[in-house]
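Dear colleague,

Please find below the structure that I am handing over to you, together with its sequence. My findings follow directly after it.

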Amino acid sequence: VATAQAKYAKEINAYVSEQVRFADLKAGAVLTLTLAIGGALVKAVPTIVGAANGKMSTKIFFVVLLLLSTVETAIAIFYATRSLIPRVPPAGPPSLNSFPDIAEHEPNDYSNKIAALTERDIAKNLSIHNVALSRVAKNKFSAITTATWALLVLIFTAFLIVVFYVLANV
């Protein structure tokens with residue numbers, strides 16, 4: 001029968017693992033939207049800049065907005081991709097629950113170590129692994145937060161480009 005500590009460690013592990021998956025899904029969504037909006041803007045550059053009715057000030061304004069959107073696109077892509085790249089920081093002593101640590105064992109050696117674990121050992125190993133997993137989740141959410149803000153600014157900039165494009169052609 002599992003101890004309360006082992007059950008608690010397993011629940012935390014499930015929670016943190018779900019947060020890592022959620023961060024990856026968010027990163028994928030941000031990356032997809034960023035590429036779609038950025039690609040649409042790149043394709044529309046000749047049309048947008050050409051719509052300035054020959055006024056140099058309007059053309060410069062559109063170019064500035066398009067350059068701003070390029071920077072925002074690059075930031076969002078960089079941080080969304082950074083969130084998707086797995087990074088496993090060291091969490092302290094080796095854990096029998098962490099794949100980098102497991103990979104260092106021979107199959108029989110690992111199997112024997114698992115069979116010898118007590119409930120207390122299981123709770124300890126899960127707790128060590130939970131620290132490493134939590135650090136991964138924290139890094140992912142930090143990166144995806146920056147990517148999301150860049151995407152929001154990109155959406156706003158794209159909106160401004162559309163509004164001023166329409167106004168320039170009225």
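In this predicted model, the largest nonpolar core has 16 residues, and those with the most contacts inside it are Val-30, Leu-41, Ile-48, Ala-80, Ile-144, Ala-147 and Ile-161. Two or more residues of this core are given by each of helix 1, helix 2 and helix 5. Helix 5 provides the largest share, seven residues. Apart from this core lies another, of five residues, including Val-16, Val-20, Leu-133 and Val-136. As a general point, nonpolar side chains tend to be buried together in soluble globular proteins.

Leu-41 deserves a separate entry: leaving out residues up to four places away in sequence, Leu-41 touches Leu-66, Ser-69, Leu-154, Ala-158 and Ile-161.

I then turned to helix 2. At 1.5 Å a residue, its 29 residues should span 42 Å, and the end C-alpha atoms are 42 Å apart, which agrees. The buried residues of helix 2 are Thr-58, Phe-62, Leu-65, Leu-66, Ser-69, Glu-72, Thr-73, Ala-76, Ala-80 and Ser-83. These buried residues pack against helix 1 (4–50) and helix 5 (119–168). In general, an α-helix has 3.6 residues a turn, so residues three or four places apart point the same way.

Finally, Thr-73 lies in helix 2 (residues 56–84). Thr-73 counts as buried because its relative accessible area is 12%, under the cut-off of 20%. Setting aside neighbours within four places in sequence, Thr-73 is in contact with Thr-34, Gly-38 and Leu-154.

With kind regards

Conventions: Residues are numbered from 1 along each chain as its sequence is written. This is a predicted model: local features need pLDDT of at least 70, side-chain atom pairs count only at pLDDT 80 or more; totals for chains, interfaces and linings use all residues. Side-chain values use heavy atoms; hydrogens and water are left out. Helices (H or I, at least four residues) and strands (E, at least two) are DSSP runs, numbered from the N terminus. Buried means under 20% relative accessible area, exposed over 50%, partly exposed in between (1.4 Å probe, protein chains only). Contact means heavy atoms within 4.5 Å. The expected span of a helix is 1.5 Å times one less than its number of residues. A nonpolar core is a set of buried Ala, Val, Leu, Ile, Met, Phe, Trp, Tyr and Cys residues joined through side-chain atoms within 4.5 Å.
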